[in-house]
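My notes follow in the order I took them.

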Amino acid sequence: MIGLRRVGPDEFTTRLDAVLEIYTAAMNPPVDQLPGRRTIMGNHALHPGFACLFAERSDGTPVGLAYGFHGVPGQWWHDVVHRAMAERNGEGSARGWLGDALELAEIHVHPDYHGKGIGRALVVGMCAGRPERTAVLSTRDQPTAARHLYRSAGFVDLLTQFVFPGGYERYAILGAVLPLREQTAGDS
């Protein structure tokens, strides 16, 4: 049985090893990137409105996680995406989507637990009851199960084929107006 549990910034930072284990299993990043990713994740816990959900087995072992925070100018992802959106779609669009947004920084489920509805539960749980007007995230710009999940939850493409500074991989920036729409027949 998998349950969701909300954790605060203190517990999140003390459990960064478990967070990185899930991230590594889900994303398979180069090992040399993990120390930097750990620092970034730890710093995210200091952002305003930080919230985290762990998907845990009955013994308390996390098998999935999602976390996010209120995006504001001065945060790297926020500033990079705002600039790109303003250039491609106009300043009004960038402000409309990012001006009062929950930025979903990480959503990962260990591959052994894929296909069980955990990812959807994490996304819906993170967005439920949030005061922000929108939710935004980035995901690989490919036809993945995650991309399908986000679309079925009401997220739309804001930018596609986007490459973050210093990167090479193409991402899609997605956004949804909160609250998320209810799942309909045919959605998975």
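I began with helix 6 (residues 118–127), which is mostly covered, with eight of its ten residues buried. Buried means under 20% relative accessible area, exposed over 50% and partly exposed in between, with a 1.4 Å probe and protein chains only. Helices (H or I, at least four residues) and strands (E, at least two) are DSSP runs, numbered from the N terminus.

This is a predicted model: local features need pLDDT of at least 70, side-chain atom pairs count only at pLDDT 80 or more, and totals for chains, interfaces and linings use all residues. Residues are numbered from 1 along each chain as its sequence is written, and side-chain values use heavy atoms, with hydrogens and water left out.

I listed the buried residues of helix 6: Ile118, Gly119, Arg120, Leu122, Val123, Gly125, Met126 and Cys127. They pack against strands 1, 2, 3, 4 and 5 and against helix 7 (145–152). Just after the helix, I found Gly129 with a positive phi of about 75 degrees.

Next I looked at strand 4. Eight of the nine residues in strand 4 (residues 101–109) are buried, so the rest of the structure largely encloses it. Strand 3 (residues 62–70) runs antiparallel to strand 4, with seven bridges between them. Two strands pair if DSSP finds at least two bridges between them. I noted His108 of strand 4 as the bridge partner of Leu65. Strand 5 (residues 134–140) runs parallel to strand 4 and is joined to it by three bridges. Here Glu103 stands opposite Val136.

Strand 4, helix 6 and strand 5 make a right-handed β-α-β unit. Right-handed means that, with the strands pointing away from the viewer, the path from the first strand over the helix to the second runs clockwise.

Then I checked the core. The largest nonpolar core has 26 residues, and Leu104, Tyr150, Phe155 and Leu180 have the most contacts inside it. Such a core is a set of buried Ala, Val, Leu, Ile, Met, Phe, Trp, Tyr and Cys residues joined through side-chain atoms within 4.5 Å. Helix 6 gives the largest share, five residues. Beyond its neighbours within four places in sequence, Leu104 is in contact (heavy atoms within 4.5 Å) with residues including Met126, Cys127, Val136 and Phe155.

A disulfide needs the sulfur atoms within 2.5 Å, and I found zero in the structure. Cys52 is buried at 0% relative accessibility, and Cys127 is buried at 3%.
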